[in-house]
Amino acid sequence: PLMRQGDLNDVMILTLTVQTDAASVEAIGKKEHALRDALLRQLLIHANTGGFDGNFTADRNLVTLREGLLQAAKAATDAPVTAVLIEDIARQPG
């Protein structure tokens with residue numbers, strides 16, 4: 001959700017994939033709920049600090065978003081996470 005002065009303006013919809021090695025897929029699956037929580041928390045931080053304002057698809061903005069998501073994913077699991085891929089991103093009016 002993108003809030004402005006207490007009102008819901010828009011909602012960001014993203015499809016994310018956690019990239020890991022084949023041997024760690026099961027371990028990642030066991031941490032799915034913790035990963036979802038960590039990624040959502042990071043997305044809310046990104047939204048609340050203006051990361052989805054203006055041209056949110058500019059490369060520098062996506063780099064910041066990817067880095068934050070990667071750090072959140074790594075903190076949520078001991079399995080090797082090499083990237084958080086953004087497969088789809090859209091803004092929907094609230």
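By the ring-pairing rule used here (Phe, Tyr and Trp rings, the last by its six-membered ring, with centres within 6.5 Å), the count comes to 1 aromatic pair. Phe52 and Phe56 form this pair, with 6.2 Å from centre to centre and 75 degrees between the planes, an edge-to-face arrangement; planes under 30 degrees apart would count as stacked, those over 60 as edge-to-face, and the rest as tilted. Phe52 counts as buried because its relative accessibility is 3%, and Phe56 counts as buried because its value is 13%. Here buried means under 20% relative accessible area, exposed over 50%, and partly exposed in between (1.4 Å probe, protein chains only).

The model is predicted, so local features need pLDDT of at least 70 and side-chain atom pairs count only at pLDDT 80 or more, while totals for chains, interfaces and linings use all residues. Residues are numbered from 1 along each chain as its sequence is written, and side-chain values use heavy atoms, with hydrogens and water left out. The pLDDT (the predictor's confidence in each residue, from 0 to 100) averages 94 over the protein chain, and 100% of the residues score at least 70.

Turning to the overall fold, the protein chain has 3 helices and 3 strands, which run β-β-α-α-α-β from the N terminus on. These elements are DSSP runs numbered from the N terminus: helices are H or I with at least four residues, and strands are E with at least two. The C-alpha trace spans about 45 × 25 × 20 Å along its principal axes, and buried residues make up 32% of the 94 residues. Of the contacts (heavy atoms within 4.5 Å) with a separation of 6 or more, 72% join residues 24 or more positions apart.

Leu35, Ala38, Leu39, Leu43, His46 and Ala47 are the buried residues of H2. They pack against strands S1 (2–4), S2 (7–20) and S3 (81–93), and against helices H1 (25–30) and H3 (59–76). Just after H2, Gly50 adopts a positive phi of about 85 degrees.
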